[in-house]
Structures are given as C-alpha cells and as structure tokens.
Amino acid sequence: MGSYRWNWPILLADPYYGWIVSGFGNTCLIAVLAWSIAFPLGSAIGIARTTELRPLRLVGTIYVEVFRNIPLLAQMFLWYFVVPELLPQDWGHWVKRDMPYPQFLTSVLCLGLYTASRVAEQVRSGLEAIPRGQHHAGLAMGLTPAQVYRYVRLPVAYRIIIPSLTSDFLGVFKNSSLALTIGVLELTSQARQIEEYTFAAFEAFATATLLYCAVTGIVILAMRQVERRTRIPGTIAIGAQ
Amino acid sequence: MGGGFDFAVLIRNAPFLWGGMVLTLQLTALAVTGGLALGLVLAVLRLSRIPFAPALVAGYVNFLRSMPLILAIFWFYTLIPKLTGQSVSSFYSVLIAFILFEAAYYSEIIRAGISSVRRGQIAAALALGLSNAQAMRYVVLPQAIRNMIPVLLTQSIVMLQDTSLVYVVGLRDFLTTADIVAGRDSRPVELYMFVALTFLVVCFSASRLVNRLRRRYAL
Amino acid sequence: MIELKNVSKWYGEFRVLDDCSMRIAKGEVVVICGPSGSGKSTLIKCMNGLEPFTRGEVTIDGISVGAPDTQLPRLRARIGMVFQNFELFPHMSAAANINLAQLKVLGRDRATAQAKTDELLARMGLADHATKFPAQLSGGQQQRVAIARALAMDPIAMLFDEPTSALDPEMITEVLDVMVGLADEGMTMAVVTHEMGFARKVAHRVVFMDEGAIIEDASTAAFFGTPRSERAQQFLSKILQH
C-alpha cells in the first residue's frame, strides 16, 4: 500500500472530530438504553420458560424463536417501515409525524427486544443448570415458588451467566451499528461518512475499530471484577470470555 | 400506499427475489466452508505449542470479536481494492470479510469442543498404551465433534442471518432485492414481512433439526 | 400424624408407586428401605407434596396434601426435610441458610432467627462455621447444617431422604449421631436409608418397598427377626453381607 496517502490529522479537524465523538456517544447510548429494555424483559421471559405454567412457557418460547430466527436487519426494517403502517391510524400518525428521534428510538426498541431473546436464553440456561434438588429444598422449607426463584434460584443463576451476559451486552453494543441502516449516525456510520468525505478510509475505520475494541476491553475487565466480587466462597469463577 | 395488502407484488417479482435468495445461499455456503476451514486451522494453532501461535490466534479472535460485522464489511469493501490496486467485485470482498470474521467464532467453538473432553479421558487412553495421536483420533475427537457439531450448525444459522448485512454495500442478496422491490413498488409492508417470514421458517426449521441432532447424538 | 392411603403414581405407563398405604404416629420413627428404584424417595417426597401423585390421599395432621385448596408452603413449613445431596443454598453462608425460611416464611425478626440459628449450630457442633459457605464445609458438616436448617422451623415431623448416601464413610456417623439424638427426643421421623444399624437402634417400624409397592410394614424387631417376604430377606442378606 505504498501509494496510500496517510492523513491522520484530518480526524482532529472540524467537523470530523465532532462526528466521531457524537457517533461514539450515540453508539454507547443506544447500547445502554437497549440493554435496559433487554435485561429486565429477557429475565422475565427466561423465568417464564422455566415455570410450571404451560401458557407462560409457550409465550416465552414463541418470543425467543421469533426474535432469534429473523435477521436483525430485517427486524430493524420491520420496526421502522412496517409496524407504523400496521398500528391503529392515530398511533401510526403519531409515530410517523410527532415521535421525537424516530430512528434513534426505533433502533433502541428493535435492539432491546432482539437482545431480550438472547438474555432470556441465558437466564433460562442458568436456571436450568441449578439442580432440581435446590428447588425442592426451597419448597420443603415452606418458601413459595416465587420466593424460591427470588432467594434460591435466581441469585445463583445470574452468577453462573455473568460471562454470557457480558457477551450479550457486547453483542448489543456491536449490533448498534445496524442502526445506521435506518439513518442513525452512530460510530460506524460516522466513520463511513468521514471516509466518503475525506477518502481517509484507513484512519476513519481504524479509529472506529479502536473505540469498539476499547469499550469491549473495558467491559470485559469490569465484568471480571463483578464476577470476582460476587463469587461464592469456595467455588471457582468461570471467567468472562 | 394504496390501502390493503397486495401480495401479488411478491409473485410479480418472484424471479428477482429468487435471484437474491440464491446469492444469500451461495454467500452462506462459501462463508461457512471457508470459515470452518480457517477456524479449524486457528483452533489447532491456538491449542498447539508453536511459539507465539496461541497468543497470536487469541489476539486475532478477540480483535475480530470486538468489532461489529458491518464495520468489518466496510473495512474489506473499501480496503481490498486499495490494497490490491484493482477493483474486486463486492461479492468477493464481502466473502473475505465473512470468512475472516466467522473463522474467529468457529475457531472458538472448535477449541471449546476439544477442551470440553475431560483430561481423564486422555489419561485413560494413554494408560491403555495408545499414542498421543491415537488418543486424539479415537478418544478425544469423536467426543469433541459430537459436542461441537450442534454449536457449529447453530452458528451457521446465525451466519445465514448475518449475510443480510451485505445490504450496507448494496450487494443484491435476499433482503436487498426485497428492499429494492419495496422501494420501487411502494410495498414495504408486504416485502419486509415476506423476508422476515421466509427467514423465520427457514431458520426455525433448521434450528429444530439441529436440536434433534443434538438429542440423538448427545453423550 | 402422617398418613398415606392407597397412593399411586404413574409416569406414563410406568408405575412408580403402587397403592401405598402407611401411617406414622406422633413420636414414631419409621425407616423406609428397599432396593434402588423401589420408589422410596418418591414416596417420602409425596409426604410433603414435592412429588405429585396420581391417585390416593396423603394427610398431615388431618390436612390433605393433594387437595387443591391446601396452602402447601404453610404445610411444608411445619415438616422438615433433609436431602441426599444436602441442598444447602451455595450462595448463602451456613447461618444465612438456616435464617432464610425463619425470616421469609415464619416472619421471625432477625434477632430471634439469629438466636435460634446460633443455638442450633452450637448443638450441631458447628458454632465456628456459621459464616462459612457450603463449598467450604465437608459433606458431614453440610448435612448437619441442613438438619439445623430444617429444625429451625420447629417442625412437627422430619423427613430424611437418604441423608447419608452421599457422604464419605467417615462422616456418616456424625450425621447419624444427630439423627439418633433427635429420635431420642421424641421427634416424629420418616427416614429413607440403607443404614440398618440405625434402623435397628432407633426405628419403631421398618417399611420395606420394592417396585413401587410396600411389601412389608413391620415392627423393627419383627423385621430383623423374621421378615416374612422373600424379597425383604434377599435385600437384607445382600446389604448385611459385608
């Protein structure tokens, strides 16, 4: 690549520096907001799939199967182009005309609901990894099934799945790049835009890549700390990926 | 948009959409094959005692896994022509991105499959007088493969869905052709629902099949 | 106190329990034994409704376990249970394990619960281990914590499901000693076990099961003296051989 003309300083020039900062901010914001939908919703669905109640289990299974078997990009288009058409007219109008930040909020919703299906699977597998005898022991001492979840099964299940939840969070962080397809100016799209304006492709993409790697590294280190702190004495931590 | 659904639009454009589906399937097949081959090499290197190889592979895997696939697609789409000095069709630049990207995921699955075989099994095999290679061939790999095949297949279903991301470079896969028709005929509802349902049926059936395999061959 | 009437249970075609009837009076210690797969564990888990049964009736103190309007948690809170694999909650210290149901089920205040816990730990010889987690305790210690956890509820009866089967031989005695102590105090107990020495020493009655059915229900002296059924004789000769 001898003929390539390096131009790193351009990234610090106006307006490109600002583009990267705002893109990075949007990426982080989308990830955090989507996660705050995905974690509680996914937990509820994962729990639903382990209960004795058939209808609840069925609803949970359908949710997970639907969301994980449709490409995320197709889901993004469904939420953005299709759902407003199918809503009752008044709502549809509101979504199309008056809803603030439509692209941003749509991508948060889409990523949140999709990631919930992944979280649900982790929570379910964590709960299923706990021996049935634990459930019996809780019931035998008079706890209600809900109390058994609250005090016995969930505290252990969440500890088991810290590493997989970490990679799911990183998943939503990376997947936030799909928001660019409906016009959200997040990190990847800003890098692309800089490339188109300045032809400094390598510099722009490298910067974006570096930022993604940095966040990934920080999150993994932080979650290792969480895992260490919550480790049950006498057992061995599994270690985030 | 002229009220009501018009599913005839799907029939009118069937050949065009089918062409997109063919490209999606080709891309998936080639990327899975290439990704598996490279992933196997990476996994073996990672478990080997060749100096620096395990660390280098770990670095490669962690690097690619921290990056969004879309960004990887942009990297290769933009840089391969610059690096090679000639224009490469977007199909090949995307294919290379997918192979390099998926290989990182496959290699981890293969490595986990091999590591999942308990050490006691190797000890028992060696104690019977089997050589290292024989222990690998007759004891470790048969168990490892059974453990990893369902996961590899599941990852390949994910890969099939991920190919839709070629949309960002305008390659005409299934989703992109549907998107083109949706725009041209102003029928986004029908087209995007059709794409979603098609993937849902295909991927759901495939994952059912994987589950059945997993249950039948579970150790 | 505990009464089973014609209890049967099927898994599809397979019959796990076959028309089992027995009763345990207040203060009585009953040992349930039999070959593995004979349904003993299932039977004892029917007594507090952990295993649903297909037909028949189980009553505790006159309250039906299977009736849909029975408050199972409230009933179970009055019956202690000890499991083969201890089933201490791994994320809680020994003391927290014993406190949990006192706080959440009985609604005791923390000081009362803690006092009860301390007293029981001391009685089990585990006063120094209150803050340890299950994974830091030996099997015998874990099982004694589990017994303390059940006793903390001031149960009217105790169910033991193979309490020593998962223990290393040198730890069996420390658990059996605690159980003998309980029996001597007059606790009502149902014990699934292969420990025939324990049975001979403290049991009032022995129930022998095979293939889901109760084959013999005899006083301890009668069971070890002249068991009537051939299957019980075979079973005894096998496990007493060594």
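User: What volume does the largest cavity have?
Analyst: Bearing in mind that this is a predicted model, the largest cavity has a volume of about 70 Å³.

User: Which residues are closest to its centre?
Analyst: The lining of the largest cavity has 13 residues, and the closest to the centre are A137(A), A140(A) and M141(A), together with M81(C) and A150(C). At least two lining residues each are supplied by α6 (132-140) of chain A and by α2 (72-77), β6 (79-82) and α5 (139-151) of chain C.

User: How does that lining divide into nonpolar, polar and charged?
Analyst: The lining of the largest cavity has 10 nonpolar residues, 1 polar residue and 2 charged residues.

User: Switching to chains B and A, how much area is buried between them?
Analyst: About 3200 Å² is buried between chain B and chain A, with 75% of that area given by carbon and sulfur atoms, and the contact takes 36 residues from chain B and 35 residues from chain A.

User: And how many salt bridges and polar contacts are there between the two?
Analyst: The count between chain B and chain A is 1 salt bridge, in which the side chains of R208(B) and E65(A) meet at 3.7 Å, N to O. For polar contact, the count is 4 residue pairs, both residues being at pLDDT 80 or more.

User: Which element gives the largest share of chain B's side?
Analyst: That is α9(B), with 12 residues, while the elements of chain B that give two or more residues to this side are α3 (53-65), α4 (69-84), α8 (174-185) and α9 (188-217). The side of chain B that touches chain A divides into 27 nonpolar, 5 polar and 4 charged residues.

Terms used: Residues are numbered from 1 along each chain as its sequence is written. Chains are lettered from A and ligands numbered from 1 in the order in which they are written. Side-chain values use heavy atoms; hydrogens and water are left out. Contact means heavy atoms within 4.5 Å. Buried area is the accessible area (1.4 Å probe) that two parts lose on being put together, summed over both. A salt bridge is a side-chain nitrogen of Lys or Arg within 4 Å of a carboxyl oxygen of Asp or Glu. A polar contact is a pair of N or O atoms within 3.5 Å; within protein, one must be able to donate a hydrogen and the other to accept it, and residues adjacent in sequence count only if both atoms are side-chain atoms. Helices (H or I, at least four residues) and strands (E, at least two) are DSSP runs, numbered from the N terminus. Ala, Val, Leu, Ile, Met, Phe, Trp, Tyr, Cys and Pro count as nonpolar, Asp, Glu, Lys and Arg as charged, and the others, Gly among them, as polar. On a 1 Å grid over the protein atoms alone, a cavity is a set of points where a 1.4 Å probe fits but cannot get out, and a pocket is an open set with protein on both sides within 12 Å along at least five of seven lines; lining residues have an atom within 4 Å of a point. Grid points are joined across faces, edges and corners, and a volume is the space filled by probe spheres set on the points.
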